[in-house]
Structures are given as structure tokens and as C-alpha cells.
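Colleague: I'd like to learn how to read a structure like this one, feature by feature. Can you take me through it?

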Amino acid sequence: MDRIRRNILAGLLAIIPIWVSLWLVWFFLNLLVWIGRPFVATLARGVRPNYPEIADLLVDPWFQSALALVLVFVMLYLLGAATNAVIGRRLFRLVHRIMESTPFVKTIYGATRTLVDSVQGGAGGQQTQRIVLIEFPTPEMRAVGFVTRIFHAADTGEELAAVYVPTTPNPTSGYVEIVPTSRIVWLDWTTNDAMAFIVSGGALSPDAIPIRPSGRRPPDLPGAAPPAAQA
């Protein structure tokens, strides 16, 4: 029985990374296919009067999914190329201003942009050190998080940090915690290091991790001005 249990456990541990990886890939592929299918359906309706055979092929589920995926990748490539072009940058600045001036939409858009910029390493591509350990979910435990903002408490003036704590194995969901910076452990990790640690469930990690707060945050991480200075 012990041998059976060991073999079952070994098989389970072997299949979990494969299953998680395939699940994440399948999830994003399905998302891309869902985005591209309306374009394929529109194309099928447009060619049906003159080319009914091609239209039938376009609405076939497997071909429609494959073509939708290709179209989305092409659009993402063109979108990325446009953001690097002068006209594209101006267009995206215009879209940014429109989103920022639209009620309700500006809240969601601004929060999402801030989170993405913070996880990437700061707005404008600056490589600031934002990977931390915080006391979560209990004071005896630690969780890896991303500092998204530094500010001060209005009543005590204490320096605080907003920390996004991703979940495993899907880092797109998580928690936002407000933590005093004096109780944060600042890690010398890159974003890729942190993501590998989170997605792998801690299996991909350095041999040693500091666990006690040093009371000092990295000098390259900008902080909020004290409340008196802000006033």
C-alpha cells in the first residue's frame, strides 16, 4: 500500500505542472479565439454570395477557431508595431485621453494601467525594485507581492504601500493589501523571478530569501511626499 501511495503521489506531482501549463495556455487561446470569431463570422457572411464553399469552410468550428486565432495574433502584432510608430503613439495618447475623460470607464482604465505598469516595473519602463514579501494572510506567514503605490496615512503620517498579491497558479487574480513600508521585506527580484515563483507554487525560487523587514526601502523606488508637503 505504501508503494501504491508513493507512486500515485509521484504521478500526481508529475501531472500537476503539465496540467496547470496546459490549462493556462488553453484559457488564453480560448480567449483569443473568442475575440477573433466575430471577424471570421463577418468575413463568412461577406464572401457567401460569391463563394459559398469558402463561407461554409469559414463557419466550420475548427477552421473558424484556427483562423480567429491567426487574425488575433496578426492584430496584436500590428497593434504592437503601431505603438512604436510616431502616428501610433499619438493615436494611443488620444485614446488614453478619451478613456481618462469618460466617467466610470476612467476608473477601470486607470486602475488597470497602473497595475500593469507596476507589475512591468514602473511607468515608462523604469526598472524599479517593487517585488516584496508581506505578512499575509497571518503575521506568521509571508506572501510575494508587487508594490503598486507608496503613500501616507492621513491620520498618523505613516508611510504605506499598496501591494498586489497574485494567486497561484493564476496570477491575474489576487488581493490588494495596504501595508506599512516598515513591515515590508524588499526583495532583489525581477518581475520574471516573482512570476516564476508564483506560478510554480514556490518551486522556482532562490536558495535563500530574507524574511525580516530591514526598515529601509530601495532608494530607486519613488515614494509619496509627506502629507504636509502634499498640502
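Colleague: Before we go on, what are the ground rules for the numbers?

Modeller: This is a predicted model, where local features need pLDDT of at least 70, side-chain atom pairs count only at pLDDT 80 or more, and totals for chains, interfaces and linings use all residues. Residues are numbered from 1 along each chain as its sequence is written, and side-chain values use heavy atoms, with hydrogens and water left out.

Colleague: Which residues form the nonpolar patch on the surface?

Modeller: Patches take residues with over 30% relative accessible area and no salt bridge; like charges are joined within 9 Å, and nonpolar side chains (Val, Leu, Ile, Met, Phe, Trp, Tyr) within 5 Å. Here the patch consists of Trp23, Phe27, Phe28, Leu31, Trp34, Ile35, Phe39 and Met75, with about 810 Å² of accessible area together. Helix 1, residues 2-47, gives the most to it, with seven residues. The areas come from the Shrake-Rupley method with a 1.4 Å probe, and for residues only the protein chains shown count as cover.

Colleague: And what does the protein look like overall?

Modeller: It has seven helices and five strands, in the order α-α-α-α-α-β-β-β-β-β-α-α from the N terminus. Of the 231 residues, 28% count as buried. The accessible surface comes to about 15,800 Å², with 65% of that belonging to carbon and sulfur atoms.

Colleague: How should I read the confidence?

Modeller: pLDDT is the predictor's confidence in each residue, from 0 to 100. The mean for this protein is 75, and 70% of the residues reach 70 or more. Over residues 122-128 the pLDDT is below 50, and beyond near neighbours in sequence that stretch has twelve contacts in the model. A contact means heavy atoms within 4.5 Å. Residues 227-231 also stay under 50, with five contacts beyond four places in sequence. Where pLDDT is low, the predicted coordinates should not be read in detail.

Colleague: How many salt bridges does a search of the whole structure find?

Modeller: The test is a side-chain nitrogen of Lys or Arg within 4 Å of a carboxyl oxygen of Asp or Glu. The search finds one. Arg183 pairs with Glu135, with the closest N and O atoms 2.4 Å apart. Arg183 is in the loop between strand 4 (174-180) and strand 5 (185-186), and Glu135 is in strand 1 (residues 131-135), so the pair ties together parts that are 48 residues apart in sequence. Arg183 is partly exposed at 42%, and Glu135 is partly exposed at 26%.

Colleague: What about aromatic pairs?

Modeller: A pair of aromatic rings is described by the distance of the centres and the angle of the planes. Rings of Phe, Tyr and Trp (its six-membered ring) pair if their centres lie within 6.5 Å; planes under 30 degrees apart are stacked, over 60 edge-to-face, and the rest tilted. The whole structure has two such pairs. Phe136 and Tyr175 are tilted, 5.4 Å centre to centre with 50° between the planes. Phe136 lies in the loop between strand 1 and strand 2 (142-152) and Tyr175 in strand 4, so this pair ties together parts 39 residues apart in sequence. Phe136 is buried at 18%, while Tyr175 is partly exposed at 45%. Trp189 and Phe197 are also tilted, at 5.4 Å and 55°.

Colleague: Which residues does a cis peptide bond join?

Modeller: Phe136 and Pro137, with omega about 0°. Pro137 is in the loop between strand 1 and strand 2.

Colleague: Last one: what does Ile131 touch, not counting residues up to four places away in sequence?

Modeller: Its contacts include Val144, Phe146, Leu187, Trp189 and Ala194. Ile131 is in strand 1 and buried, with a relative accessible area of 3%.

Technical notes:
Helices (H or I, at least four residues) and strands (E, at least two) are DSSP runs, numbered from the N terminus. Buried means under 20% relative accessible area, exposed over 50%, partly exposed in between (1.4 Å probe, protein chains only).
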